Every structure is written in structure tokens, then in C-alpha cells.
Amino acid sequence: MNIQENISLKPFNTFGIDQTARFFVTVRSIEDLKEALQFAKAENLEVFILGGGSNILLTQDLDLLVVKLEINGIKLLREDSEHVWVKSGAGEIWHDFVMYAIEQEWAGIENLSLIPGTVGASPMQNIGAYGVEIKDVFESLEALNRESLEIEVFDAESCRFGYRESVFKNELKGQYIICSVTFRLRKQPVFQTSYGAIQDTLAKNGVKTLSIRAISDAVIEIRQSKLPDPKVIGNSGSFFKNPTVSFEKYEELKDKFPAIPGYPQDKGVKLAAGWLIEQAGWKGYRNGQIGVHDKQALVLVNHGEGKGKDLMNLSQKIQDSIFEKFGVQLQPEVNFI
Ligand SMILES: Cc1cc2nc3c(=O)[nH]c(=O)nc-3n(C[C@H](O)[C@H](O)[C@H](O)COP(=O)(O)OP(=O)(O)OC[C@H]3O[C@@H](n4cnc5c(N)ncnc54)[C@H](O)[C@@H]3O)c2cc1C
């Protein structure tokens, strides 16, 4: 185990925020992970688990041990006539895992192509895009209990998945480290093309026979045209979650703002946070090194040397202005560290 000191985290977060970690270690096995935790305990240090750094906003230097998880490996556990059960190490890159599944003709995660980050972080917020969430293909995960250093298995129910939520972001926050995830993928695909953008792109590409590869290609094309590339401009994708309001509140908003988009759910109507932010005039806003993307109002950006604290303050201002204009409370999707 090579524990480094005073490491800049700029290359390790997609916002490109330059804060340092007092200690930093990369772990490639559960044994290394336990050793790192024991080191932290002996030194009385807090621990922060880092995947691809694509859903964090660093607001300060971290006076702790950053553990970068690179526990890799993909294994086919079993199969029947309809499904395969595939286990992936937490450190595998999510998009590479999706590409691997597509090569094997395993269906179910093609709509989640090109989401940045690691497999291990995917259950944290139940990643989702274009009508699919990982809960739809999730079988179980193995996580290290940080207190007992024992591995525990969580099934879908015990993960309490919700929209960009899981038990690991809430009741069990900071208590477990996800080491592997097992997915249940389909041998015969069930295509999810309900999103208009997917249908339009498939039609534009002249796709006559649907395939998981064609859907993945369409999703990649849409994402590349819509979302800024973190390698070019620092960002962490959607900064806020799409809020859900009651049916009554939605009617009230519709009276005042007839163009407001709304997506009915079981318990209310989901609004498009990006639309609200754009209507409040924030799209393309820039203050020095930070701002709001000029094509996608849901994405906050670092133009180069921006500070996490300034982005945090900007996000608060956006929340306040949305509340003032619409009476709707936005919640960040990004984890503030
Ligand atoms: C351009 C862009 C587009 C995006 N689009 C989407 C999208 O369409 N849908 C979507 O859902 N998300 C999206 N995201 C957000 C992000 O990709 C996901 O949240 C992703 O799962 C984060 O993975 P990560 O490995 O980078 O996690 P990190 O940012 O490294 O970590 C996120 C949080 O999880 C914790 N964590 C990470 N790994 C583990 C582990 N193994 N065990 C315990 N805790 C852990 C960290 O401590 C931190 O609190 C996007 C981000 C970007 C930059």
C-alpha cells in the first residue's frame, strides 16, 4: 500500500476543483482496503471513498485519508435461459462495463451508456438515464462494514433505491464501502425507447432493426450533443435533482406558467429542474471562473480555476431564486465534500 501525502485532487474530480488530500491511497483489493481503514483508525483520520469523482463538489482541502477504489474484475456468476448474473468490481469504469455487456449481448444497461464514474458508485444514487435506473437490473451488492470490517450483502430491497437515492446516501451514509455489484441482465432485450430523443436519433440514423448497440449508440450521440465534456469544461452533470410537487401545486404552477413541463408520477408531478433554472434567467450565467452552462441550465460549470465554495454559493443562490419564483425547493444531486 502506497499512502501518499498532500495530493492535489484536481485530476480526480470532474469539476476539476483544486483541493488537496492530506493522505491518498489507491486500493485494488479488499485486503488493501481493510489495511487502509486500519491505517486511518490508527492515525485517527476520517476516510473519504473516491470513485471517478464525477458526482462530488470539493469545497475544502480534505484533512483525511482519500481512498480511491480500483477493485476491478468482471465475472459471469450464473445464467439461465433468460438472464445472466454478472458481478463487477467497484472500481470498474461504468461505461466500460456497459460496453462489455453490449459486446456479450447482455441487455438492460444500454440506456445508461456514457454515464461517468465507477460501478461501485452506481448504486449510491441509483444512477439513471433515458427511462432506465440501475435498480431495474440490480441483483445485490457486497459492501464492507467500516466498523466491523466484515463484508455484508445487500439485496435491492435493503438498498432502498429511489430517484437518485439509496440507503447509502441516507440512513447508512458513510458506514459501508461498496466493493462489488451483481447485475441481472437479459439475454433477450426489452428495448426502452420511450424517450423522444432516442426515437428521433434512431430514425435519423436510419435504424430499421432495433438492437442494444443501436440504442447505446443513440444514447451516446444524444449525450455528447447535450452535455458538456468534463475534459473540456469542469462539471458533474446534473447539479440538481428534478423536483416532484403535489398535483395541486402543479396545477397552480400551470396557471401561472402555462409552458411548464410536468411528468406525472404516482405521488405527484415531476418538474424539469433545468427548465425552472432557465426561466429564472440563470442559463449561461458566469461569474469569473464559475457559472451555469450556456446550453444546459442544469449543469453548473468550472471554467478552469473555479473554487468549490463559489460553486456551492452559486447553487444556493439558484435554489433561493427558484424558491422565490416558483415556490419549489431544489435539492442538489451532487455530494458536497
Ligand atoms: C457529464 C456527467 C453526466 C452525468 N450524467 C448522469 C446521468 O445521466 N445519470 C446519473 O445518475 N448520474 C449522472 N452523472 C453523475 C455521476 O456520473 C454518477 O453519480 C456516478 O455514479 C458517480 O460515480 P463516481 O465513481 O464518479 O462517484 P464519486 O463522484 O467518486 O462519488 C460519489 C459519492 O459516492 C461515494 N462512493 C463512491 N464510490 C463508492 C463506493 N464504492 N462505496 C461507497 N461509497 C462510494 C463517494 O464517497 C461520494 O460520496 C453525471 C456526471 C457527469 C460528470
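Helices (H or I, at least four residues) and strands (E, at least two) are DSSP runs, numbered from the N terminus.

## Ground rules

This is a predicted model: local features need pLDDT of at least 70, side-chain atom pairs count only at pLDDT 80 or more, and totals for chains, interfaces and linings use all residues. Residues are numbered from 1 along each chain as its sequence is written, while side-chain values use heavy atoms, with hydrogens and water left out.

Let's start with one residue. Asn235 sits in strand E13, which covers residues 234–235. Is Asn235 buried or exposed? Its relative accessibility is 3%, so Asn235 counts as buried (buried means under 20% relative accessible area, exposed over 50%, partly exposed in between, with a 1.4 Å probe and protein chains only).

The Asn235 side chain reaches two backbone oxygens: that of Ile233 at 3.0 Å and that of Pro228 at 3.2 Å. Polar contacts here are pairs of N or O atoms within 3.5 Å; within protein, one must be able to donate a hydrogen and the other to accept it, and residues adjacent in sequence count only if both atoms are side-chain atoms. Leave aside the neighbours within four places in sequence, and Asn235 is in contact (heavy atoms within 4.5 Å) with residues including Thr14, Phe15, Val299, Leu300 and Val301.

## Domains

The domain assignment of the protein gives domain 1 (4–69), domain 2 (74–186) and domain 3 (234–336); such bounds come from an automatic or database assignment. Taken over C-alpha atoms, the centres of domain 1 and domain 3 are 29 Å apart. Between these two, 11 residues of domain 1 are in contact with 19 residues of domain 3.

E3 and E5 (residues 62–69) run parallel, joined by 4 bridges, and Val47 stands opposite Leu65 in E5. Axes are lines fitted to C-alpha atoms, for helices over the stretch in contact, and angles run from 0 to 180 degrees between N-to-C directions.

## A hairpin

E10 (residues 138–145) and E11 (residues 151–155) pair in the antiparallel sense over 5 bridges, with Ala143 partnered by Glu152 in E11. The two form a hairpin with 5 residues between them, and Leu149 in the turn has a positive phi of about 60°.

Another open sheet has 3 strands in the order E14-E16-E15, with antiparallel pairing. Its edge strands, E14 (244–245) and E15 (262–264), each pair on one side only. E15 and E16 (residues 269–271) share 3 bridges, and Gly262 has Leu271 as its bridge partner in E16. Helix H6 (residues 247–256) lies across E14, E15 and E16, at about 50° to E16.

Buried residues of helix H8 include Leu311, Leu314, Ile318, Ile322 and Phe326. The buried residues of H8 pack against H6, helix H7 (273–279) and several strands, among them E18 (290–292) and E19 (300–302). Just after H8, Gly327 takes a positive phi of about 65°.

Notes: Two strands pair if DSSP finds at least two bridges between them.
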